[in-house]
Amino acid sequence: MPHTINSTCPVQPVIQALFGGTFDPIHYGHLHPIETLAHQIGLKRVVLLPNHVPPHRPQPEATAQQRLEMVKLATQGNPLFTIDTREMERTSPSYTIDTLESFRQEFGEGQSVAFIIGQDALLSLHTWHRWSELLNICHLLICARPGYQTQLSTTEMQQWLTQHQIYNPALLNSKPNGYIYLANTPLLHISATDVRQRHQQGLSCDDLLPPLVQKYINSQGLYRQ
Ligand code: ATP
């Protein structure tokens with residue numbers, strides 16, 4: 001049974017967003033762009049969705065429980081964020097579209113909902129299961145990410161983007177789904193891979209993630225090899 005931590009049901013038709021990730025570990029490259037985005041477009045709630053990682057894919061170094069704990073530590077006391085464990089609790093591989101459909105069922109048809117991804121994820125979106133149906137369920141909010149091209153890789157994708165892209169975020173509240181907004185978020189050269197590598201090399205990660213997450217990583221002896 002999936003459950004939402006710290007969740008409060010919105011009563012206003014304000015836009016709310018979902019943000020999935022492996023979070024191995026969660027870092028400022030996840031948190032800062034989203035906080036900026038929330039401020040820019042008036043997001044009231046961002047639901048963080050730690051992923052279930054299927055057994056046939058490279059496994060995260062931290063366990064699901066440790067990844068979840070780090071997400072909790074990174075967001076505690078911040079009313080913007082809530083955490084939902086439904087993806088993580090799945091025992092079988094699942095697709096983002098399934099998760100979004102389950103949220104849409106909960107929120108109802110009329111409520112504006114967005115899914116947030118980074119530019120790198122936008123570039124590979126056409127490889128996702130039923131990718132072209134994502135906009136039937138939600139809006140897409142794209143955070144800038146340094147090191148990734150802005151041009152999409154196929155003409156089909158580029159046309160799809162042009163067809164759905166909006167430049168005025170106020171429109172996100174005018175319908176429940178169907179728009180793509182490329183946000184002007186800070187460019188942060190941070191990835192979870194960098195964090196893990198720095199730990200392996202015994203280097204400081206103070207500029208990459210919140211102190212409580214750093215402390216937890218140390219206490220659990222994570223990312224040392
Ligand atoms: P890894 O290095 O292990 O591949 P990651 O740092 O890319 O991990 P994920 O948990 O895989 O982190 O990413 C979750 C989401 O966060 C994705 O949509 C990704 O595009 C986005 N994201 C991660 N880092 C950044 C960043 N520095 N700037 C903008 N978006 C980011």
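Colleague: Is Tyr 223 buried or exposed?

Modeller: Start with the cut-offs: a residue is buried under 20% relative accessible area, exposed over 50% and partly exposed in between, using a 1.4 Å probe and protein chains only. Tyr 223 has 2% relative accessibility, so it counts as buried. Keep in mind that this is a predicted model, where local features need pLDDT of at least 70, side-chain atom pairs count only at pLDDT 80 or more, and totals for chains, interfaces and linings use all residues. Residues are numbered from 1 along each chain as its sequence is written, and side-chain values use heavy atoms, with hydrogens and water left out.

Colleague: Where is Tyr 223 placed, and what is its phi?

Modeller: Tyr 223 sits in the segment after α8. Its phi is near 60°, which is positive in a residue other than glycine. Gly 221, which also follows α8, has a positive phi near 65°.

Colleague: How are helices and strands picked out, and how many are there?

Modeller: They are DSSP runs, numbered from the N terminus: helices are H or I with at least four residues, strands are E with at least two. This protein has eight helices and eight strands.

Colleague: Let's stay with α8. Which of its residues are buried?

Modeller: In α8, residues 211-220, the buried ones are Val 213, Gln 214, Tyr 216 and Ile 217. Down the axis of α8, the buried residues fall within an arc of 160°, so they line one face of the helix. Pro 211, Lys 215 and Ser 219 are exposed on the face turned away from that buried side.

Colleague: What do the buried residues of α8 pack against?

Modeller: Contact means heavy atoms within 4.5 Å. Here the partners are α2 (64-75) and α7 (192-200).

Colleague: What should I look for in the loop between β2 (16-21) and α1 (28-41)?

Modeller: Pro 25 lies there, and the peptide bond from Asp 24 to Pro 25 is cis, with omega near 5°. Phe 23 belongs to that loop too. Phe 23 isn't a glycine, yet its phi is positive, about 50°. With a relative accessible area of 2%, Phe 23 is buried.

Colleague: Now the whole protein. What does the radius of gyration say?

Modeller: It is taken over C-alpha atoms, and the globule rule is 2.2 Å times the number of residues to the power 0.38. For 225 residues a compact globule would come out near 17 Å, and the protein has 17 Å, which agrees. Along the principal axes, the C-alpha atoms fill a box of roughly 45 × 35 × 35 Å.

Colleague: What share of the residues is buried?

Modeller: Buried residues make up 48% of the 225. As for contacts between residues at least 6 apart in sequence, 78% join residues at least 24 apart.

Notes
The arc is that of the directions from the helix axis to the C-beta atoms.
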